[in-house]
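Dear colleague,

Please find the structure below, followed by a summary of what was found in it.

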Amino acid sequence: MLELSERGLEHTEAWKAAGVELPRFNRRQVAEHTLDHPRWVHFGAGNIFRSLIAKAQQKLLNQGLADTGIIAAGTPDSETIDLVYRPHDNLTLLVEMDAEGRLRKEVLASVAEALCADPFRTDDYARLVRAFENPSLQLVSFTVTEKGYALTEPRGGYTQEALNDFEAGPEAAEQVMAVVAALALRRYRKGASPLAFVSLDNCPHNGDVLRKGLTTVAKEWAIRGHAEKGFVHYLENRSLVSFPLTMIDKITPRPSSLIREELKRLGIGGMEEITSSRHTYAAPFVNAENIEYLVIEDDFPAGRPPLEAAGILFADRDTVNRADAMKVTACLNPLHTALAVTGCLLGYTRISDEMRDPVLRALAERIGRNEGLPVVVDPGILSPEKFLDEVLNKRFPNPFIPDTPQRIASDTSKKIGIRFGHTLRAYMERAELDAADLTAIPLAIAAWCRYLMGVDDEGRPFEPSPDPMLEELRRRLNRPADRTADTAEAFETASKMSDRKDVWPGALPNVRAILADAELFAVDLYAAGLGGKIEKMFRDMLDGPGAVRRTLERELGTERHDADDPARIPAERSNPL
Ligand SMILES: NC(=O)c1ccc[n+]([C@@H]2O[C@H](COP(=O)([O-])OP(=O)(O)OC[C@H]3O[C@@H](n4cnc5c(N)ncnc54)[C@H](O)[C@@H]3O)[C@@H](O)[C@H]2O)c1
Ligand SMILES: O=P(O)(O)OC[C@@H](O)[C@@H](O)[C@H](O)[C@H](O)CO
């Protein structure tokens with residue numbers, strides 16, 4: 001069996017015979033040069049980092065356009081550095097899948113070092129300090145999920161973890177914003193050299209979110225005497241420290257056992273997946289689609305690698321902002337979120353299968369074409385219509401991408417306001433539009449509330465994906481709703497479902513306690529004229545087994561008149577490998 005390691009790579013011919021591309025640069029030289037001249041540190045060394053960012057740097061190294069690698073930093077709670085990077089000498093096997101089912105396989109060796117960003121892991125931390133103190137460092141990038149930036153509770157006020165970090169100070173920082181602030185403080189004290197902090201997470205104005213996270217920690221430390229005021233000024237000095245906006249796009253599912261088995265068939269072993277205690281899914285390989293877009297605001301005070309040569313687009317701030325809004329709030333992620341929650345309710349485990357179900361396809365089409373696209377501002381750099389066409393007709397239906405609604409449904413409470421709030425606000429603000437006319441977005445929100453109950457459309461229990469607000473939202477739902485003239489009928493239908501008392505208490509869930517939370521949705525759904533409409537959709541989705549599907553079909557006008565049920569596509573049919 002071929003083994004993914006420095007020694008394993010010596011079997012060059014065998015790797016080539018297995019159809020795997022190998023690095024075309026001197027790995028040892030690059031690793032040594034990175035130690036002396038670090039240019040790039042990345043936090044959150046997960047799947048998208050490897051599928052897109054590490055691949056881009058590998059392209060530069062292969063072309064002789066770079067001479068250093070990336071230092072990958074696992075965030076303090078990350079186990080992947082120890083469990084995935086180190087046993088494989090920081091190498092990754094990238095597997096990209098196109099719509100014809102071809103697999104492109106490449107060993108990535110552009111991660112020069114993989115370190116735990118934890119002040120209590122003293123050796124690793126000292127190496128990170130050394131990198132941050134070196135003026136050669138140009139950029140520090142992040143894919144730490146939306147949760148990674150959060151210092152405050154949804155209802156305002158700092159989280160207990162953030163307060164702990166403010167009190168404990170830089171040497172005992174635990175959360176990623178505090179750890180990075182501690183490292184930035186070392187850079188400030190060593191001469192305050194310029195630097196770019198680049199968020200590559202899916203949140204609008206991601207650079208601003210990152211700026212706020214780091215400067216908040218700095219200010220709280222300054223108040224408590226853990227840091228100088230000058231440090232705050234350093235982070236706020238835009239000619240020295242930048243926080244470019246970015247738009248990142250490449251569907252990178254969790255590692256799939258199908259791909260692992262295919263690699264084994266090709267003679268490549270030791271590719272087992274791990275799930276960390278914090279729900280990170282990782283493996284020595286990463287599987288992703290072959291389409292990718294990365295647009296970055298060109299603001300790098302310390303210079304940057306020539307990433308254009310790796311296909312990355314650089315643009316001004318407004319352009320990046322529009323490109324991101326186009327993708328995250330209209331043409332891709334809202335469709336994904338809708339497919340994620342409805343997919344979990346209707347028993348799907350593949351996004352591509354959902355796209356073959358007429359009602360779910362109609363839901364995605366309506367959210368993108370009819371409701372999102374009309375309020376999208378064309379970024380110029382990418383055409384929204386073409387982008388959406390590619391999403392609907394090529395990317396989501398690609399049966400070779402093993403992406404699951406369960407992955408995408410993770411942390412939906414952190415994303416739902418971003419995914420739909422932007423469009424809803426645009427409908428409220430524009431005189432010629434009326435939010436109350438919308439159907440598909442309200443359906444997706446109703447389906448999310450229905451999903452939170454953890455009971456599928458057949459009345460079977462399922463485990464919702466991890467979400468920091470899951471328990472709180474379920475508590476809200478579990479407070480029985482008031483019986484009013486409006487809800488009397490719904491009470492009856494809810495009690496009809498009560499034959500499964502173990503999973504279905506029979507009382508009408510209090511969906512208003514979720515829908516009235518304007519912070520969650522980034523908009524007041526009742527002021528938008530949508531609260532009552534969504535409540536009704538939600539209640540309709542409770543009307544016995546199959547009610548979710550019937551509600552979607554009725555609202556979207558896709559009722560079926562035959563007995564053939566496309567919903568029950570067995571998972572095996574979707575396994576093309
Ligand atoms: N996977 C994709 O298709 C994709 C595409 C575009 C953008 N993204 C963005 O990248 C992010 C990461 O995606 P991924 O597929 O690499 O996920 P992943 O689970 O493989 O990696 C996530 C990384 O974030 C870290 N992390 C998680 N919670 C954290 C917290 N609270 N504080 C600090 N670090 C934390 C984990 O340790 C891990 O290193 C997404 O949330 C999204 O914003 C993902
Ligand atoms: O990564 P999240 O959790 O923000 O959203 C889940 C998916 O929609 C997302 O990962 C997409 O696959 C990605 O945004 C495609 O570029």
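**Ligand site and open sheet**

A polar backbone atom of Thr252 is 2.9 Å from an oxygen atom of ligand 1, a polar contact being a pair of N or O atoms within 3.5 Å. The model is predicted: local features need pLDDT of at least 70 and side-chain atom pairs pLDDT 80 or more, while totals for chains, interfaces and linings use all residues. Residues are numbered from 1 along each chain as its sequence is written, chains are lettered from A and ligands numbered from 1 in the order written, and side-chain values use heavy atoms, without hydrogens and water.

The ligand is surrounded by 22 residues, with Asn47, Ile48, Asp201, Asn202 and Thr252 the closest (a heavy atom within 4 Å).

An open sheet of 6 strands has the order E6-E3-E2-E7-E8-E9, with parallel pairing (at least two DSSP bridges per pair; strands are DSSP E runs of at least two residues, numbered from the N terminus). Strands E6 (111–116) and E9 (241–242) stand at the edges with a single partner strand each, so one side of each lacks a neighbour in the sheet. Strand E3 (residues 70–74) runs parallel to E6, joined by 5 bridges, and Ala73 stands opposite Leu115 in E6.

Note on methods
Helices (H or I, at least four residues) and strands (E, at least two) are DSSP runs, numbered from the N terminus. A polar contact is a pair of N or O atoms within 3.5 Å; within protein, one must be able to donate a hydrogen and the other to accept it, and residues adjacent in sequence count only if both atoms are side-chain atoms.
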